[in-house]
Amino acid sequence: MDRNQLQLEQKKGSTSWGINFFPVWAGQAVSLVGSRVVQFALIWYLTQQTGSATVLALATLVGIVPEIILGPIAGIFVDRWDRQIVLIAADGLVALAAWWLAYLFWSGSVQVGHIYIILFVRALAGSFHWPAMQASTSLMVPETHLARINGLNQAVNGGLTILGPLLGALLLGLMPLYGIMMVDVGTAILAILPLIFIRIPLPARTERSPGQESVWRDLRQGLEYILNWRGLTIIIGMAMVTRLLLMPAFSLLPLLVSEHFGGTAAQLGFLESVLGVGMLLGGLILSLWGGFRRRIYTTLGGIVFLGFGLVVLGFVPGDLFALALICTFFIGLAVPFIDGPLMAILQATVAPEFQGRVFTLMGSLISLATPIGLILAGPLSDIVNIQFWYVLAGLAYVLIGATLFFVPDVIRMEDRGKESGAEPGPVVQ
């Protein structure tokens with residue numbers, strides 16, 4: 001089926017879109033398994049070799065920097081280039097990096113600096129891969145199914161949260177590190193194979209003047225696209241605030257378990273697994289249900305629901321760890337109902353030729369809030385207590401979610417996108 005035929009089938013609501021989409025999706029899902037396993041193995045290696053919190057913090061920073069700094073530039077080229085080629089190149093880069101590190105482990109010459117290089121390269125590839133996959137999804141999946149597909153993505157993320165560390169630990173006991181790196185090479189190749197045989201539609205292209213200046217023009221156009229769409233601007237601001245509060249809450253879980261509940265590493269692992277179970281179940285429910293007809297209601301309801309879970313978790317007494325598990329499960333359950341419908345809204349309303357830039361600009365802005373939140377959360381929690389942050393974050397979530405129900409620009413966001421010229425453009429060969 002060529003690209004024009006694929007678009008025609010999508011407009012007719014045919015189920016044949018799945019024949020093209022799901023092999024690509026499955027390949028990427030398999031690749032994510034390899035990535036999670038390798039990420040776990042490398043972090044564990046750094047922990048065992050150095051025992052340094054600074055080394056681990058730097059490893060986290062190396063993985064964030066490309067998204068914050070290079071993400072918007074990557075989005076420009078995702079919008080310019082054939083997204084199918086971008087996906088193949090990103091997966092190929094990950095495979096080559098994993099193969100190189102496998103050789104270093106095999107030869108016994110690996111150093112901490114090599115790990116940083118690999119983490120940076122993987123993050124760099126991800127800066128291109130994620131927006132290319134999200135932008136391709138909107139052209140391969142009919143709009144009516146976007147929320148379900150994003151729910152399925154959230155379910156996969158939840159499943160990986162549960163199985164990734166377990167599988168990584170299992171493989172560490174069965175094979176050397178160079179063998180685990182070769183597993184990543186294999187899963188990356190499996191992600192590439194469907195892309196060789198299945199064509200991904202392209203959006204209509206606009207004429208651009210040659211030269212480096214056009215890159216900055218494209219970046220400015222992406223910013224203007226966001227700023228001229230009030231509903232989208234508000235949503236991004238909301239996402240920055242909630243990320244600023246939520247990520248520190250997750251990062252403080254070890255302290256909450258050890259200091260407040262007097263728990264062990266096993267209890268922390270159980271808590272994180274319960275969080276993943278909630279995300280998995282929430283993603284499955286969303287993939288079957290699809291959410292409310294006006295998808296923003298699902299997102300805002302999820303924000304309020306998650307906020308209540310955080311507030312209750314902040315008030316759980318130290319001798320009721322079982323209640324903390326229940327709260328964590330419902331927090332995980334709420335996450336897919338926030339992220340899935342919101343991504344579906346953006347895929348359905350942001351013009352395809354702008355999606356790479358819009359998605360990466362959003363990612364950079366939201367990621368920028370993470371280190372700010374971590375800087376604030378540590379001292380604030382030390383001054384008051386660890387539970388205070390959860391109560392503060394939960395109340396903010398409830399307030400933001402409830403308030404946005406009464407903001408017309410947000411509630412009518414999907415309609416507004418089409419009114420402002422964000423209606424998806426034609427697919428071209």
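Reader: What does "buried" mean for a residue such as Q84?

Author: Buried means under 20% relative accessible area; exposed means over 50%, and partly exposed lies in between. This model is predicted. Q84 has a relative accessible area of 1%, so Q84 counts as buried.

Reader: Where is Q84, and what does the side chain of Q84 lie 3.0 Å from?

Author: Q84 belongs to helix 4, residues 83-107. A polar atom of the Q84 side chain lies 3.0 Å from the backbone nitrogen of I200.

Reader: Let me step back to the whole chain. How many helices and strands are there?

Author: The chain has 17 helices and two strands. Of its 429 residues, 54% are buried. Take the contacts with a separation of 6 or more: 86% of them join residues 24 or more positions apart.

Reader: How do I read the nonpolar interior? Which residues have the most contacts inside the largest core?

Author: Look for buried nonpolar residues joined through side-chain atoms. The largest nonpolar core here has 60 residues, and those with the most contacts inside it are L232, L306, L310, V358 and Y390. Helix 13 gives this core its largest share, twelve residues. There is also a second, separate core of 27 residues, with V110, L119, V121 and L171 among them.

Reader: Take I338 in helix 13. Is I338 buried or exposed?

Author: I338 is buried, because its relative accessibility is 11%. Helix 13 spans residues 321-349.

Reader: What is I338 in contact with, beyond its neighbours within four places in sequence?

Author: The partners are T299, G302, I303, L306 and Y397. I338 and G301 are 37 residues apart along the chain, yet their C-alpha atoms are separated by 7.8 Å.

Reader: Which helix gives the most to the nonpolar patch?

Author: Helix 11, residues 265-289, with three residues. W289 is found in helix 11. W289 has a relative accessible area of 37%, so W289 is partly exposed.

Reader: On to charges. How many salt bridges does a search of the whole structure find?

Author: Start with the general idea. Side chains of opposite charge can pair when their charged atoms come close. The search finds four salt bridges. One of them joins the side chains of D82 and R199, at 3.4 Å from N to O. D82 sits in the loop between helix 3 and helix 4, and R199 in the loop between helix 7 and strand 1. The two are 117 residues apart. R199 is partly exposed, at 38% relative accessibility.

Reader: What does D409 pair with?

Author: D409 forms a salt bridge with R230, and the closest N and O atoms are 2.8 Å apart. D409 is in helix 16 and R230 in helix 9, so the pair ties together parts 179 residues apart in sequence. D409 is partly exposed, with a relative accessible area of 21%.

Reader: And E414 with R295? Are these two buried or exposed?

Author: Both E414 and R295 are buried. Their side chains meet in a salt bridge of 2.9 Å, N to O. E414 lies in helix 17 and R295 in helix 12, 119 residues apart.

Note on methods:
Residues numbered from 1 in each chain as written. Predicted model: local features only at pLDDT ≥ 70, side-chain atom pairs only at ≥ 80, totals over all residues. Heavy atoms only, no water. Helix = DSSP H or I, 4+ residues; strand = E, 2+ residues; numbered from the N terminus. Buried < 20%, exposed > 50% of the residue type's maximum accessible area, 1.4 Å probe, protein only. Contact = heavy atoms within 4.5 Å. Polar contact = N/O pair within 3.5 Å; in protein donor to acceptor, adjacent residues only side chain to side chain. Core = buried A, V, L, I, M, F, W, Y, C linked by side-chain atoms within 4.5 Å.
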